[in-house]
Amino acid sequence: MTFRSHMELALQEARAAADRGEVPVGAVIVSRDGQVVASAGNRTREMKDPTAHAEILALRAACAATGSERLPDHDLYVTLEPCAMCAAALAAVRIRRIYYGASDPKSGGVAHGARVFSHPQAHHTPEIYDGIAADEAADMLRSFFLAQRKAGCGD
């Protein structure tokens, strides 16, 4: 099977999140055969739920769709490096691969910060591929936070 990036769909989810006033992060879960199983964008503000990150919402939907609490034959495409909470959830669900766009030196949990998968306590370590559509994802985040600061709503 030929590799196909599903990052464009994740970017669409991120744009939709920004349109809702959410931090623009989008996530897509894809089966081994390349079928999109779930996609989501951040909804923390809308749902008044600090765990409603794009990755968590996509994981919940994918687990419901597959009828399993584990996704060992699935890949995640996400526009921003997952935070420690999301990385721990991805280890718990046994995701096969993570493809992410922009790095997150402030709150990342994969290559920065907690580096969840490098700990001996990590139950599972997926394959990690970074930098996919990183410039577009980072530009979207910068623009969002710049607009928030100009509006006096800093995060």
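Residues are numbered from 1 along each chain as its sequence is written, and side-chain values use heavy atoms, with hydrogens and water left out. In this predicted model, local features need pLDDT of at least 70 and side-chain atom pairs count only at pLDDT 80 or more, whereas totals for chains, interfaces and linings use all residues.

A pair of aromatic rings is described by the distance of the centres and the angle of the planes. Rings of Phe, Tyr and Trp (its six-membered ring) pair if their centres lie within 6.5 Å; planes under 30 degrees apart count as stacked, over 60 as edge-to-face and the rest as tilted. Three aromatic pairs are found in the whole structure. In one of them, the ring centres of Tyr-77 and Tyr-99 are 4.5 Å apart and the planes are at 10 degrees, so this pair is stacked. Tyr-77 belongs to strand β3 (residues 74-80) and Tyr-99 to strand β4 (residues 97-102), so the pair ties together parts 22 residues apart in sequence. Strands (E, at least two residues) and helices (H or I, at least four) are DSSP runs, numbered from the N terminus. Both Tyr-77 and Tyr-99 are buried. Buried means under 20% relative accessible area, exposed over 50%, and partly exposed in between (1.4 Å probe, protein chains only). Phe-144 and Phe-145 form an edge-to-face pair, with 5.2 Å from centre to centre and 80 degrees between the planes. Phe-144 is buried, at 9% relative accessible area. Phe-145 is partly exposed, at 23%. One aromatic cluster consists of Tyr-77, Tyr-99 and Tyr-129.

The largest pocket holds about 660 Å³ of space. Of its 22 lining residues, Val-23, Leu-80, Asp-104, Leu-141 and Phe-145 are the closest to the centre. The search used a 1 Å grid over the protein atoms alone; a pocket is an open set of points where a 1.4 Å probe fits, with protein on both sides within 12 Å along at least five of seven lines, and lining residues have an atom within 4 Å of a point. Grid points are joined across faces, edges and corners, and the volume is the space filled by probe spheres set on the points. Two or more lining residues come from each of α2 (44-47) and α5 (134-150). Helix α5 gives the largest share, five residues. The lining divides into nine nonpolar, five polar and eight charged residues. Here Ala, Val, Leu, Ile, Met, Phe, Trp, Tyr, Cys and Pro count as nonpolar, Asp, Glu, Lys and Arg as charged, and the others, Gly among them, as polar.

Nine salt bridges are found in the whole structure. A salt bridge is a side-chain nitrogen of Lys or Arg within 4 Å of a carboxyl oxygen of Asp or Glu. One of them joins Glu-136 and Arg-15, at 2.5 Å from N to O. Glu-136 is in helix α5 and Arg-15 in helix α1 (residues 7-19), so this pair ties together parts 121 residues apart in sequence. Glu-136 is partly exposed, at 37% relative accessibility. Arg-15 is also partly exposed, at 30%.

Arg-96 and Asp-75 form another salt bridge, with the closest N and O atoms 2.9 Å apart. Arg-96 lies in the loop between α4 (84-93) and β4, and Asp-75 lies in strand β3, 21 residues away. Both Arg-96 and Asp-75 are buried. Asp-75 also meets Arg-97 in a salt bridge, at 3.8 Å from N to O. This pair links strands β3 and β4, its residues being 22 apart. Asp-75 has 5% relative accessibility, and Arg-97 is partly exposed at 21%. Shared partners join Asp-75, Arg-96, Arg-97 and Glu-127 into one network of salt bridges.

Zero disulfides (pairs of cysteine sulfur atoms within 2.5 Å) are found. The sulfur of Cys-63 is 13 Å from the closest cysteine sulfur, that of Cys-86, too far for a bond. Cys-63 is buried, at 17% relative accessible area. Cys-86 is in no disulfide, and the nearest cysteine sulfur, in Cys-83, is 3.7 Å away. Cys-86 is buried, at 0%.

Most residues other than glycine have a negative phi. Arg-115 has a positive phi, near 45 degrees. Arg-115 lies in the loop between β4 and β5 (127-130) and is partly exposed, at 42% relative accessible area. Ala-133 has a positive phi of about 55 degrees. Ala-133 is in the loop between β5 and α5 and is partly exposed, at 30%.
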